Amino acid sequence: MGPLRSVVLCGGGTGGHIYPLLAFADCLRRHDPGVRITCLGTPKGLENELIPPAGYDLRQIPAYQLPRSVNMGLVRTPDRMWKAARAAGKVIDEVAADVVVGFGGYVSVPGYLAAWRREMPIVIHEVNVPPGVANRLGMKFTKNIAVGFPHQPAQAEALRDARVVGVPLRRGIAGLDRNAMRAAARAHFGLRPDLPVLFVAGGSQGARSINLAVSGAAKELARNGVQVLHVMGARNEPVPVPTDLPVPYVALPYLSEMELGYAAADLMLARGGAMTCAEVAAIGLPTIYVPYPHSNQEQKRNALPVVEAGGGLLVDDAELTPAWLERTVLPLLRDPQRLYAMGAAAAAYGRRDGDVALLNFVYEAVAR
């Protein structure tokens, strides 16, 4: 298969769609510096904050929220969906795209429709079970389905024949050597080099229940020599943290370089978003998962296979209290051998090559 000349990437709305898109775009460019990469986005999506600064061409098209159920009538009826597809089609024609690669989010649907009307190859990458509504719709137009995790084909009929490629991760994370970077990462945050670190992050939005539990346990953790690096989440009200602690407790609203947090940490406390699960497993970071409770349990399904492989622990949001944290975190951080075994199990489950595996799958789809 010769090099691709032009690729259109669709994915927007949330970081879970945009971060793998960007990691894949970087991989495309590394393997073929001459390829033209065009991203479709909506005027309001998070993609506007993330894609142009990464150096990629972002074209805005109208996109509309979809009903939760998927059927062909949904595609045929709304006039505005065809309007969005026409806008996507104009971009596809202008850049003479060879393939459309979609990562989900409402903006993907017009891209899939426009590519289908042109009988172009479409490749869909999905990380959740059940698949998101946009990708479920796209799956009616293509057999080229790639997934991030080995549990997905077994758990969703729509993904039964999908290729497991892993999740495209940024090079800074996929190539991370935690041991080599630990001292520098701790110095960066003002953490001591000689005491264990609990890294807390509830996803890009933060998680109030996690923030309250950890700040509530702060005194007892500090009294036992545990340092905390706590990303509260940019959209959350800050939670007060005791100030007179004997060891560092570093609270940040947001952290763009998550690899620094991962490198500083001995143990992580996190939600179960697909990107978080993919990243911490790939780098072998032992993690306590607290899945978001008010959804279709997809975060629990994301985290469970890593936990069953021995790479972490799972706790219900309702059970996460300061007392639970003290009972669980302190013995773990005093047991380096157990942490090492958990990290090794996570790394054996995770994979660092999702970007290249997806690229090979895209080459195959175009060659077909």
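This is a predicted model: local features need pLDDT of at least 70, side-chain atom pairs count only at pLDDT 80 or more; totals for chains, interfaces and linings use all residues.
Helices (H or I, at least four residues) and strands (E, at least two) in these legends are DSSP runs, numbered from the N terminus. Residues are numbered from 1 along each chain as its sequence is written, and side-chain values use heavy atoms, with hydrogens and water left out.

View 1. Glycine 16 sits in helix α1 and, at 33% relative accessibility, counts as partly exposed. On that scale, buried means under 20% relative accessible area, exposed means over 50%, and partly exposed is in between (1.4 Å probe, protein chains only). Arginine 170 is in the loop between β7 (163-164) and α8 (171-174), and its 30% relative accessibility makes it partly exposed too. Leaving out residues up to four places away in sequence, arginine 170 touches Ala23, Ser256, Glu257, Met258 and Glu259; contact means heavy atoms within 4.5 Å.

**View 2. Aromatic pairs.** Rings of Phe, Tyr and Trp (its six-membered ring) pair if their centres lie within 6.5 Å; planes under 30 degrees apart count as stacked, over 60 as edge-to-face and the rest as tilted. That rule gives three aromatic pairs. In one of them, phenylalanine 24 and phenylalanine 103 have ring centres 6.1 Å apart and planes at 55°, so this pair is tilted. Phenylalanine 24 belongs to helix α1 (residues 15-31) and phenylalanine 103 to the loop between β4 (99-102) and α5 (108-117), so the pair ties together parts 79 residues apart in sequence. Both of these phenylalanines are buried. Tryptophan 116 and phenylalanine 141 have centres 4.6 Å apart and planes at 25°, so they're stacked. Tryptophan 116 is in helix α5 and phenylalanine 141 in the loop between α6 (133-138) and β6 (145-147), so here the parts tied together are 25 residues apart in sequence. Tryptophan 116 is partly exposed at 38%, while phenylalanine 141 is buried at 13%.

View 3. Just past α12, glycine 284 takes a positive phi of about 70°. Next up is proline 286, in the loop between α12 and β12 (287-289), buried with a relative accessible area of 3%. Its C-alpha is 5.5 Å from that of methionine 342, though the two are 56 residues apart in sequence. Beyond its neighbours within four places in sequence, proline 286 has contacts including Arg178, Asp266, Leu339 and Met342.

**View 4. A six-stranded open sheet with parallel pairing.** The strand order is β10-β9-β8-β11-β12-β13; two strands pair if DSSP finds at least two bridges between them. β10 (249-252) and β13 (312-314) stand at the edges with a single partner strand each, so one side of each has no neighbour in the sheet. From one strand to the next, the twist averages 15°. β12 and β13 pair in the parallel sense over three bridges, and isoleucine 288 has leucine 313 in β13 as its bridge partner. Helix α13 (residues 298-308) lies across β12 and β13, at about 135° to β13. Axes are lines fitted to C-alpha atoms, for helices over the stretch in contact, and angles run from 0 to 180 degrees between N-to-C directions.
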